[in-house]
Amino acid sequence: MISDALRWLDGLLREEITVFRQQQAAPIEEFQGIYISSNHVDRLVADQYPESELVSVPATTAAFQVNASTDKGLRRDIDPQVGMYADADTCRVPSLEKIGASGNWKNLVESFKLDTVDLIILLITLAIEVDSRYETIYAYLNNDISKKYPTRNLILRLLSRAGLSPLAARRSLGVGYPLIARRIVHLVNDEFGVSSLKQTSMPQSWLSNGLRLNPVVAHGLLGAHDSGAQLAFPCFEMSTDFVSVGVHSVCDRGSDVGITPHISESIKRFAQLEGVDRPLLVLEGCYGSAFAFAASSLARHLNVPLLSCALEYESLTSAILHQAVYGSVIYIDTTVYDSGLRGNVTAANDSSQGRSVSASDSHVDAKLLHLLRSVAGPVVITTEDSRRLRWLSDFRTSTLKFVAPPAAERQEIWRRSLNGSGERIGLNGISRLADRFVLTEGQIQHAVRRLKDDNLVFDKEIDESLAFESARNETRLALGSLARKVDTPYTYEDLILPHITKQQISEISSAINLKNTVYSEWNFGKRFHQGQGIKALFSGASGTGKTMAASVIAKEVGLDLYAVDLSGIVSKYIGETEKNLDRVFAAAENSNAVLFFDECDALLGKRSEVKDAHDRYANIEVAYLLQKMELHAGAVILATNFSKNMDQAFARRIQFVVEFPVPTAAYRERLWRGMFPKGAPLSEDVDFVFLSEQFAIAGGDIRNVTLDAAFLAANEGDQICMSHLIRSMARQLVKQGRAPSVNDFKHYFPLINTRASVVTD
């Protein structure tokens with residue numbers, strides 16, 4: 001089949017060589033070695049292939065002729081008055097029946113509406129991929145030893161030998177027509193080409209520019225890939241600026257492993273649709289969902305390869321080309337990008353208002369959309385949030401949603417993935433991991449791989465604490481300025497609070513730990529569909545331990561704690577506060593983290609009577625936060641200094657309300673003593689009883705006084721003495737708007753100015 005076509009091409013080359021020699025002067029012998037001799041070329045073309053029969057083919061050959069297309073710029077408009085061929089009736093070409101017998105040739109022709117001229121150009125460029133002797137012949141006919149590829153000039157000369165119209169041939173080689181526009185062939189010096197064999201300072205003319213066949217097409221036309229074969233197809237990197245395109249074989253002929261029966265049945269029905277009736281398939285779910293299994297299942301049902309590519313113009317162009325040759329399933333995974341899209345997808349900044357437009361406001365380049373509209377085969381697009389794909393609104397799409405497996409299945413996945421490596425974790429530890437972290441199968445497997453790698457590289461024993469840390473790493477939030485991760489070094493022993501307060505904090509931890517038991521095992525989730533998250537309100541003066549208590553809860557349940565920054569949430573622009581809240585709760589939905597709204601009075605104020613537009617939108621913000629809190633399935637802790645200022649509607653949505661009182665003298669003494677770590681140079685003259693009884697301040701203030709005194713002592717090169725604490729306490733009272741008095745400090749009052757008198761002396 002290919003050999004017959006090459007024999008025919010050899011005949012054209014022999015004719016062209018004869019004419020070329022008549023027009024060119026004989027080379028001078030002293031330049032031997034930097035030119036190609038005629039004798040060398042004669043040996044290459046002499047009887048390499050016997051003369052093949054030349055077939056007269058009508059100009060209206062149905063299999064490879066197309067009518068004028070309305071898709072201008074990509075397909076050819078044939079002027080019937082000009083004529084496609086020199087004699088308008090017949091043209092000497094190789095047997096099209098033999099070439100068309102290959103499924104890949106036929107796929108390529110039908111997908112891109114190629115005609116006879118295109119096929120001959122493909123054959124000319126394909127020759128150097130079959131036999132390296134053609135590189136020498138082409139260089140000889142180009143009269144340039146460095147041009148070992150067919151140039152446009154050479155191709156036009158060969159097409160003229162075949163009796164084709166020069167005008168039709170020139171149109172086929174234009175950048176707006178299928179061969180070059182679809183990247184079936186590349187211009188050698190094109191910035192997007194696979195290679196740049198010759199770089200010159202002067203731009204080349206249109207005729208002298210060379211063409212190389214796309215590697216995907218070359219492999220396909222040479223029969224290098226069989227859709228039924230179990231082999232891994234190579235990756236083709238179009239350019240260093242673009243993500244490579246990888247083709248995966250369909251090796252699993254068994255059941256649909258890793259996807260639910262519902263997804264499997266939906267994939268099967270999707271595969272049974274006819275190509276023209278098949279919409280784009282959108283797979284929606286968080287990172288680690290069984291997207292690849294689903295895409296492989298579709299490729300297996302269709303018995304075609306699976307092609308993974310990036311959502312970028314060049315990458316998708318190559319993917320569509322590969323699909324045309326092999327009939328592949330195109331698989332575009334957008335979940336690997338932070339914004340869901342990259343490359344031609346942009347999220348512009350609104351400089352006029354000084355704010356960033358969210359990813360949902362992104363747009364896709366028009367050329368990319370045009371490419372997607374021209375795809376003939378199945379396309380699978382994955383995303384974490386289908387709302388990010390609003391640019392697909394003009395396309396027919398079918399969406400399959402992937403959700404994390406229930407706790408019982410997660411426990412089995414953990415056990416199976418650990419595969420004997422988690423003896424120190426135990427069944428109870430695996431059960432806690434499954435209950436605490438709502439992870440997909442892919443996330444669990446990735447967490448286990450990290451554990452095993454750490455065990456090999458760092459010799460870390462796989463235990464429950466490391467397993468919890470690895471699971472947390474799978475779902476950590478990336479909210480930028482909207483939230484920050486809070487360290488959780490404290491334990492219950494560090495909390496100096498009344499017994500009833502500590503008991504309530506312990507109950508919150510237990511509720512988070514036992515949520516799966518109540519809602520899943522005891523079936524309360526069927527009765528209460530919404531509001532399954534744990535919501536708590538911490539109320540108390542500043543410095544009474546609200547943030548520390550939240551960190552203790554997060555540490556106890558093994559989750560990350562994220563403090564929401566209200567300065568980044570609240571915006572003066574109408575609607576922006578709601579958008580920011582939506583981003584926070586959407587990111588936390590599958591993050592398995594505890595959200596902490598500190599100083600939330602700005603958001604939780606009472607809704608007022610609507611007197612103007614400001615009141616109306618302020619009420620909307622409060623109502624929106626109420627709604628998001630009620631629907632959120634995770635743990636949310638709110639902290640406020642003035643609970644009486646909160647809207648009463650929050651009371652119904654909050655399960656736990658914890659009051660943090662100002663500590664009594666007994667608790668203050670414990671706080672004073674606990675502030676000094678072991679190893680601190682503490683003087684014996686420090687009177688903790690006096691400090692705790694005389695100054696009714698909260699733990700946060702005690703912390704500030706202690707730290708200030710430590711720096712004073714370090715500056716003087718002395719131990720931390722009572723004088724340092726007295727001077728620091730005086731400063732703290734000044735910050736609170738109180739003047740230090742003898743009544744407050746009693747006999748320690750003279751110590752306030754001790755350091756000042758020393759400096760004066």
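In the predicted model, helix 1 (residues 2-23) and helix 6 (residues 133-141) pack with their axes 11 Å apart and at an angle of about 30°. Because angles under 35 degrees are classed as roughly parallel, helix 1 and helix 6 are therefore roughly parallel to each other. The crossing formed by helix 1 and helix 6 is left-handed. On the side of helix 1, the contact is made by L6, L9, D10, L13, E16, I17, F20 and R21, and on the side of helix 6 it is made by R133, Y134, I137, Y138, Y140 and L141. When the residues of this contact of helix 1 with helix 6 are divided by class, 10 are nonpolar, 4 are charged and no polar residues occur.

One of the residues that helix 1 brings to this contact is D10, which has its place in helix 1. With a relative accessible area of 0%, D10 is buried, the cut-off for this class being under 20%. D10 also stands 9.3 Å from A46, C-alpha to C-alpha, although D10 and A46 are 36 residues apart in sequence.

A further helix pair is formed by helix 4 (residues 103-112) and helix 13 (residues 313-326), whose axes come within 6 Å and cross at roughly 125°. That angle makes helix 4 oblique to helix 13. The contact involves N104, N107, L108, S111 and F112 of helix 4, together with I320, L321, A324, V325 and Y326 of helix 13. By class, the contact of helix 4 with helix 13 comprises 7 nonpolar and 3 polar residues, with no charged residues.

L108, which helix 4 contributes to the contact with helix 13, is also found in the largest nonpolar core, a set of 80 residues in which L9, L108, L122, I184, L316 and I330 have the most contacts. Helix 5 (residues 116-130) gives the most to this core, with 10 residues. For L122, leaving aside its neighbours within four places in sequence, the residues in contact are L108, L114, L179, I184, V185, L213 and L221. Apart from this core lies another, of 45 residues, which includes L418, I462, A511 and V658.

K113, which is not a glycine, has a positive phi of about 55° and lies in the loop between helix 4 and helix 5. At 37% relative accessibility, K113 counts as partly exposed. N523, likewise a residue other than glycine, has a positive phi near 65°, and its position is in the loop between helix 20 (515-521) and helix 21 (524-527). The relative accessible area of N523 is 39%, so that N523 is also classed as partly exposed.

For the protein chain overall, the secondary structure of the predicted model comes to 33 helices and 19 strands. Of the 761 residues of the protein chain, 47% count as buried. Among the contacts in the protein chain that link residues at least 6 apart in sequence, 74% join residues at least 24 apart.

Technical notes: Residues numbered from 1 in each chain as written. Predicted model: local features only at pLDDT ≥ 70, side-chain atom pairs only at ≥ 80, totals over all residues. Heavy atoms only, no water. Axes fitted to C-alpha atoms, helices over the stretch in contact; angles between N-to-C directions. Helix = DSSP H or I, 4+ residues; strand = E, 2+ residues; numbered from the N terminus. Parallel < 35°, antiparallel > 145°, perpendicular 65-115°, else oblique. Contact = heavy atoms within 4.5 Å. Nonpolar A, V, L, I, M, F, W, Y, C, P; charged D, E, K, R; others polar. Core = buried A, V, L, I, M, F, W, Y, C linked by side-chain atoms within 4.5 Å. Buried < 20%, exposed > 50% of the residue type's maximum accessible area, 1.4 Å probe, protein only. Left-handed = near helix turned anticlockwise from the far one by under 90°.
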